[in-house]
Amino acid sequence: MEFMTKIKNVQLSKMLAILAPLTLGGIGGGLLTSCTDWNDHYDAGTALSDSQQASLLENITKNPSLTQFASLLSKSGFDQQLVSSQTFTVWAPVNDSFNYNELMTTGNDRLLKQFVKNHVARNNYPASGAMNQKVFMLNEKLMHFQGDGQGYNIQGIALNAGQQNIGSNNGMLHLISGKIPYLPNIYESLNNEQFALDSISDYYHQYDVRKLDELRSVPGPIVDGEQTYLDSIFNESNSLYRTFRSYINQEDSNYTMLLPTNVAWTKAYNRIQQYYNYTPTIRYMDVKPTGEDTTIVVNLKNAAQLRDSITRYKMMADLVYNNNVYDNRKLPALKEGETPKNDSIVSTMGNILYADDVKSLFADATRVDKSNGAIWVTDTLKMPAWMSWNPEITVEAEAAYFKTAQAGNAIERRVTSGQNRYIKGHLSNDAYLEVTPISPNANPEVYFKLPDVRSTEYNIYLVMVPANITNENTKYYPNSISAGLRYVKEDGTLSTESTQRNPNPDSGTETTTTFVTSLRDSTIASQGACIDTLHVGSITFPVAYYGTGDSAPYIHVRCRFNSTVGNKITPDRTLRIDCIILRPKELDDYLLSHPGYVYDKHKNY
């Protein structure tokens, strides 16, 4: 008991230090008339005003201008908190300065969070001198408490003159003429009644977790053997914050988020799910050294559920943008109906959208400001498929993860930026795979798995490298190559390996089974060496592999000289492969009709 008295005395001593400079008239009769030894006055109970001896709740309930506020405190169940030993500051709106009848019909959870806790903060916040403080209310909303010594306001709502700094034995009371505006954060806006957002709201809330924090909650009496709490504090979390790297519930964050209405959600869902067609059984080849392979069978527990889950995940993946990074910093100033000035924006998942796509993304959307950023509500998600759910896929040939087997001597070659100055073209990742024949007339070959393909049509490209990439004096010759693909069909069985050929080979080099890389730039007079991108052909995968573990179709690349081609060219049997590109056909078609279009290429595997 003596220890608790000392604590109270210390708290009151701190309060005296705050209140001592103020005059009695300046606070409406709520302060001391002298400041002799505080502990003596406290113990004797002779120098404290009535308000300072009373709790916050007592000072509120006995004030005739706060009867409506007191009633709402009681309805929400928060009134008992204001008689506890915890220290609070309350900004209490006076009668008829807010819509009392509406609040009395509001559910208690919403009343507590959006009104009561929006007017209460922990600790003492006196109005004194020139000040500009940031105050976190009990609902974690950040408010600005400001003043110049003559007048004060909390988030723009003025404190009533002569009715501020009313000291209580557990905190401070200020009277205001109006309700402090409650501004929802982005996460809370998923339940916005102004827009039809049920689909995205339901998706988010199924991952909500709410757990009582017993250590921070204030214990009450034990009822029927169960511990009750006067102030229940809950830890709320949602795994999607981490999944999408966007903590849209945090008040100190700053995001821009696109919110699809129910109409937009349905349209996008129907559009995206076509890329994620699954079959209950998926087969793929585990290719070992040439001639040795094993068929692996993967049984999906629920193909329909996997399709639904991935479709919704992909729809959500690139809706949030952190306003504090890169050119995203221009987004907070973007007004509804304006054309964005961003060169690019980066989603929290790391995908980049460049200027053309940024312009269409926010077109016809409605902006609504929130406490931690802004939402843009739209009836159509104008996200290009290749920027999110159907990306271009690049397989780096030198990466061991993709190479499954080879016949020949394979080695990774790394090239610095200065070494490839002898050739024209860009070497992806500054590295390539070199597979040399094990004997002079042998034809090397190599298998690559193609991860994360969707059920869609791709144009497939092989990017080949000339022999003189690091030495301009090295002679370079064309190579004759075939490429075969094997993948699962819609019935779950494996296709036979189909050999592709180049549809646009150099004149006189085409055979029925091969295409030839010339490794020369036919656009310049000197016919200098170049990195040669070969269009292998187009292929439609009927079944998606994305999200099914290690299963993947393969591409079989091999040197393949026969007498027809061998008689016309000097052969180079070494395979030098930079990468394999799977470009969605819809992207290739768009590039043909939009020259100069910039997109985030080679981003996703």
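Modeller: A disulfide is counted where a pair of cysteine sulfur atoms lies within 2.5 Å, and in this predicted model the number of disulfides is zero.

Colleague: What makes C559 and C579 count as buried or exposed?

Modeller: Buried means a relative accessible area under 20%; C559 has a relative accessible area of 2%, so C559 is buried, and C579, also at 2% relative accessibility, therefore counts as buried.

Colleague: How do you know how helix α8 and helix α11 are oriented to each other, and why is that orientation given its name?

Modeller: The axes of α8, residues 198-205, and α11, residues 303-316, come within 12 Å and cross at roughly 105 degrees. Angles from 65 to 115 degrees count as roughly perpendicular, and therefore α8 and α11 are described as roughly perpendicular to each other.

Colleague: Which residues meet between α8 and α11, and of what kind are they?

Modeller: From α8 come I200, Y203 and Y204, which meet R312, Y313 and M316 of α11; these residues divide into five nonpolar, no polar and one charged.

Colleague: Which residues touch the most other members of the largest nonpolar core?

Modeller: That core has 94 residues, and I200, Y204, F448 and L462 are the ones that touch the most other members. The largest share of this core, five residues, comes from α11.

Colleague: What is F448 in contact with, leaving aside its neighbours within four places in sequence?

Modeller: Contact means heavy atoms within 4.5 Å, and the residues in contact with F448 include A397, F402, L433, Y554 and I577.

Notes:
Residues are numbered from 1 along each chain as its sequence is written. This is a predicted model: local features need pLDDT of at least 70, side-chain atom pairs count only at pLDDT 80 or more; totals for chains, interfaces and linings use all residues. Side-chain values use heavy atoms; hydrogens and water are left out. Buried means under 20% relative accessible area, exposed over 50%, partly exposed in between (1.4 Å probe, protein chains only). Axes are lines fitted to C-alpha atoms, for helices over the stretch in contact, and angles run from 0 to 180 degrees between N-to-C directions. Helices (H or I, at least four residues) and strands (E, at least two) are DSSP runs, numbered from the N terminus. Angles under 35 degrees count as roughly parallel, over 145 as roughly antiparallel, 65 to 115 as roughly perpendicular and the rest as oblique. Ala, Val, Leu, Ile, Met, Phe, Trp, Tyr, Cys and Pro count as nonpolar, Asp, Glu, Lys and Arg as charged, and the others, Gly among them, as polar. A nonpolar core is a set of buried Ala, Val, Leu, Ile, Met, Phe, Trp, Tyr and Cys residues joined through side-chain atoms within 4.5 Å.
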